[in-house]
Amino acid sequence: MQPGTINLSRKVALVTGGGSGIGATISLALARAGADVAINYNNSKQEANRIRDKIETAGQRSLVIGADVGDTTQCKALIRQTEEAFNRVDILVSNAGMSQPHQIVDTPDEEWERVMNVNARATFALARELLPGMIQRKFGRFITISSGVAVYGRGGASGVTYAASKAALIALTKGIAHEGAPYVTANAILPGPTNRQLAEERTKPIQIQENQPVNWLGIPTPISRKGTPEDIAHTVVFFASDASEYITGQSLHVSGGLFMP
């Protein structure tokens, strides 16, 4: 691979929650880099089909698969259906996630379990299915979408349960990096506040605010604008490529400098 180029042709990517929000832009970016893309959705079938059509129009293969990744049985079926269509999975983007509305004292056990299952255990269940084949083929990429609240403890409408699940995802990503080495890498992306709309559907451009500093919970953002789905998607494509083969077990804040660990 030549420096400065990213080519994911002949690679197969699976994106959980890949039909809407940031996941949709990730799916499109992977396809534009040459990958075939399996798009997982839970409730947004129509949106997932729309992204699949965009990918196929661009000349790549795509597949839409409904599955609730909070259920480990459905995780296993999701991998099976992807492998039946594309023979393997080279790249997993664990993007599906859910927030929670309650503070600790008001959080029922069921809410804790559901958030942890979708946001953290799903990646564990998918890795359990995917790691053997990736290790055998001597190639694999796990990219997990955590959050800046994992290090802050809360954020906006996202409470402690969400933060705990995203922190657990970081530790899990490091564990996958250890067990997948040396040919399978795993890295986490920690977005800050991010717009969820596709670039072509935004009515207003997202620009640096020179005279109106952007902050989140009172924390200033040095690159003074809100994040875009493309910011996250470009980072995913990099971690999916050969250009990142010497990077594993890392947590990268994509937040305009909001967090500088």
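Predicted model: local features only at pLDDT ≥ 70, side-chain atom pairs only at ≥ 80, totals over all residues.
On a 1 Å grid over the protein atoms alone, a pocket is an open set of points where a 1.4 Å probe fits, with protein on both sides within 12 Å along at least five of seven lines, and its lining residues have an atom within 4 Å of a point. Residues are numbered from 1 along each chain as its sequence is written, and side-chain values use heavy atoms, with hydrogens and water left out.

The largest pocket has a volume of about 910 Å³, a volume being the space filled by probe spheres set on grid points that are joined across faces, edges and corners. Its lining comprises 39 residues, and N95, G97, M98, Y162 and R196 lie nearest the centre. At least two lining residues are supplied by each of α1 (21–32), β2 (36–41), α4 and α6; these labels denote DSSP runs, numbered from the N terminus, with helices (H or I) of at least four residues and strands (E) of at least two. The largest share, three residues, comes from α1. By class, the lining has 15 nonpolar, 19 polar and five charged residues, where Ala, Val, Leu, Ile, Met, Phe, Trp, Tyr, Cys and Pro count as nonpolar, Asp, Glu, Lys and Arg as charged, and the others, Gly among them, as polar.

The second largest pocket has a volume of about 220 Å³. It is lined by 17 residues, of which R225, K226, G227, S255 and G256 are the closest to its centre. Two or more lining residues are given by β7 (215–216) and by α7 (229–240).

Helix packing was examined next. Two packed helices are described by the angle between their axes and the distance between the axes. Helix α4 (residues 109–137) packs against helix α6 (residues 160–180) at an angle of about 10 degrees, with the axes 9 Å apart; axes are lines fitted to C-alpha atoms, for helices over the stretch in contact, and angles run from 0 to 180 degrees between N-to-C directions. The helices α4 and α6 are therefore roughly parallel (angles under 35 degrees count as roughly parallel, over 145 as roughly antiparallel, 65 to 115 as roughly perpendicular and the rest as oblique). Residues in contact (heavy atoms within 4.5 Å) include W112, M116 and F124 in α4 and Y162, L169 and I176 in α6. By class, this contact of α4 with α6 has 14 nonpolar, five polar and three charged residues.

Helix α4 also packs with helix α3 (residues 72–86), at an angle of about 45 degrees and with the axes 9 Å apart. That angle makes α3 oblique to α4. Among the residues that make the contact are C75, L78 and I79 of α3 and A122, L126 and L130 of α4. The contact of α3 with α4 divides into seven nonpolar, one polar and five charged residues.

The axes of α1 and helix α2 (residues 45–57) come within 10 Å and cross at roughly 15 degrees. These two helices, α1 and α2, are therefore roughly parallel to each other. In this pair, A24, S27, L28 and A31 in α1 meet I51, K54 and I55 in α2.

Two backbone features were also noted. Most residues other than glycine have a negative phi, and most peptide bonds are trans. The peptide bond from A181 to P182 is cis, with omega near 10 degrees, and P182 is found in the loop between α6 and β6 (184–191). R10, a residue other than glycine, has a positive phi near 70 degrees and is found in the segment before β1 (12–15).
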